[in-house]
Amino acid sequence: MKLTEVRIHRLHMPLRFRFETSFGVETHRRLDIVEVRAGERVGYGECVAMEAPVYNEETLDGARAVLVQHLLPRLAGAELREPEDVARLLAPVHGNRMAKSALECAVWDLMAQERGLPLARLLGGTKESVEVGVSLGIEPDVDTLLSQVERHVGQGYRRIKLKVKPGWDEVPLGEVRAAFPDIALTVDANTAYRADDLGRLATWDRFRLDYIEQPFPEDELLLHAELARRMETAVCLDESVHGAADARLVAHLGAARVINVKVGRVGGLAETLRLCEVAREHGIALWCGGMLETGVGRAVNVAVASRPEFTMPGDTAGSERYWDLDLIEPPVVVTDGRIPVPAASGLGYKVVPERLRRYAVEPPWVGHLAD
Ligand code: OSB
Ligand code: MG
């Protein structure tokens with residue numbers, strides 16, 4: 001298969017809720033959808049880089065520049081036989097994982113369609129449905145948080161994750177745990193704590209969390225290992241893990257027993273599969289994280305989470321949590337805390353071109369790769 005044309009759509013989508021984390025407040029998502037064509041067939045991938053480099057070092061505009069100037073030229077004219085060919089051709093480009101992943105996911109969607117396979121099957125997924133939880137942001141006060149938790153527990157989500165930061169941690173956590181003694185509860189700090197917080201964090205076993213996600217900065221693996229030694233509660237890493245090699249290092253150091261996998265953060269699907277192998281080998285539990293994706297990225301998350309290494313509920317909430325109108329049909333629907341893995345080929349959901357136009361902030365970038 002040779003790619004004939006690529007379009008990149010720049011969209012602006014208002015979020016249905018204000019999402020506050022330790023790194024900022026999101027009220028909308030600006031994002032790129034990569035559309036690749038091979039003749040009549042069309043595949044889609046989502047670039048999950050944020051506008052500002054506050055989650056990781058990538059930015060949406062930077063990822064676009066890398067895609068156009070450095071990644072697309074490496075696929076132009078190439079005969080793609082196996083899905084893994086994409087990552088191999090892009091490998092000389094260092095970092096820029098979210099940019100690579102957007103393009104790689106679009107081509108894997110195309111290849112899955114060509115083979116008449118759901119993306120989940122192409123990835124070796126085995127489940128018929130995936131279990132999901134929800135990630136709840138920092139709220140102005142504890143009462144608002146309690147009502148959010150109540151609502152989402154009522155909607156059937158299998159695990160509640162609370163965003164925390166210094167100044168918004170033990171009080172809301174204690175109140176939520178007291179009001180909901182039996183729910184599966186976790187926290188995510190998005191790197192907000194420092195070495196001198198370690199002693200205090202180590203006392204959080206009392207909240208009976210399934211794990212504490214990314215308390216310390218990305219490059220502080222030893223600090224995470226120290227916390228892991230001082231707690232019963234599992235440490236989970238998100239920002240620190242850029243791929244399979246990091247996962248191996250994490251296992252070696254004992255820095256985490258759980259990894260939040262984001263396909264964009266690790267550079268794509270081929271790398272995600274390598275990470276799965278490391279997780280199997282070392283008994284690391286995986287779950288699929290989220291980047292406030294549209295249905296395009298959400299469909300990939302469902303497919304990835306259908307692999308057997310994903311043993312904990314993911315962050316892939318239903319489309320209606322995020323968007324008035326998602327880009328896909330049908331939308332992703334959560335019933336009793338589960339999302340069925342679609343049986344249709346490719347992403348398994350239909351991307352609606354009219355919605356790409358509706359949310360577009362400018363005409364798409366168009367590139368011709370072959371005749
Ligand atoms: O750390 O998991 C994170 C959103 C944006 C950036 C980082 C994170 C998140 C979330 C939300 O937690 C997950 C989602 O609902 O998509
Ligand atoms: Mg996280």
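Analyst: A definition to start: two strands pair if DSSP finds at least two bridges between them, and strands (E, at least two residues) and helices (H or I, at least four residues) are DSSP runs, numbered from the N terminus. This is a predicted model, where local features need pLDDT of at least 70, side-chain atom pairs count only at pLDDT 80 or more, and totals for chains, interfaces and linings use all residues; side-chain values use heavy atoms, with hydrogens and water left out. Residues are numbered from 1 along each chain as its sequence is written, while chains are lettered from A and ligands numbered from 1 in the order in which they are written.

User: OK. Which residue in β2 is the bridge partner of M13?

Analyst: That is R29. The two strands involved, β1 (residues 5-21) and β2 (residues 24-38), pair in the antiparallel sense over 13 bridges.

User: What is the strand order in that sheet?

Analyst: The order is β3-β2-β1-β15, an open sheet of 4 strands with antiparallel pairing. β3 (41-47) and β15 (365-368) are the edge strands, each pairing on one side only. On average, neighbouring strands are turned by 25° against each other, direction ignored; axes are lines fitted to C-alpha atoms, for helices over the stretch in contact, and angles run from 0 to 180 degrees between N-to-C directions.

User: Which strands does α3 lie across?

Analyst: Helix α3 (residues 97-114) lies across β2 and β3 and runs at about 150° to β3. Contact here means heavy atoms within 4.5 Å.

User: Switching to the backbone. Which peptide bond is cis?

Analyst: The one from E329 to P330 is cis, with omega near -15°. P330 sits in the loop between β12 (328-329) and β13 (338-340). Most peptide bonds are trans, and most residues other than glycine have a negative phi.

User: And positive phi, what is the value for N96?

Analyst: Phi of N96 is near 50°. N96 is in the loop between α2 (84-90) and α3. L292 also has a positive phi, about 55°, and is not a glycine; its loop runs between β11 (285-288) and α12 (295-305).

User: Is L292 buried or exposed?

Analyst: Buried, because its relative accessible area is 10%. N96, at 26%, is partly exposed. The cut-offs are under 20% for buried, over 50% for exposed, and partly exposed in between (1.4 Å probe, protein chains only).

User: Now the ligand. How many residues surround ligand 1?

Analyst: There are 18, and the closest are S135, D188, N190, L292 and Y322. A residue counts if one of its heavy atoms lies within 4 Å of the molecule.

User: What about distances to the ligand oxygens?

Analyst: A polar side-chain atom of S135 is 2.9 Å from an oxygen atom of ligand 1. For an N or O atom in the side chain of D188, the distance to a ligand oxygen is 2.9 Å. M291 comes in through a backbone N or O atom, 3.4 Å from an oxygen atom of ligand 1. The protein covers 99% of the 390 Å² of accessible area that ligand 1 has on its own, by the Shrake-Rupley method with a 1.4 Å probe.

User: Last one: which side chains does the D238 side chain make polar contacts with?

Analyst: N260, at 3.3 Å, and K262, at 3.0 Å. A polar contact is a pair of N or O atoms within 3.5 Å; within protein, one must be able to donate a hydrogen and the other to accept it, and residues adjacent in sequence count only if both atoms are side-chain atoms. D238 lies in the loop between β9 (234-237) and α9 (244-253) and counts as buried at 0% relative accessibility. Leaving aside neighbours within four places in sequence, D238 is in contact with residues including Y55, D188 and E213.
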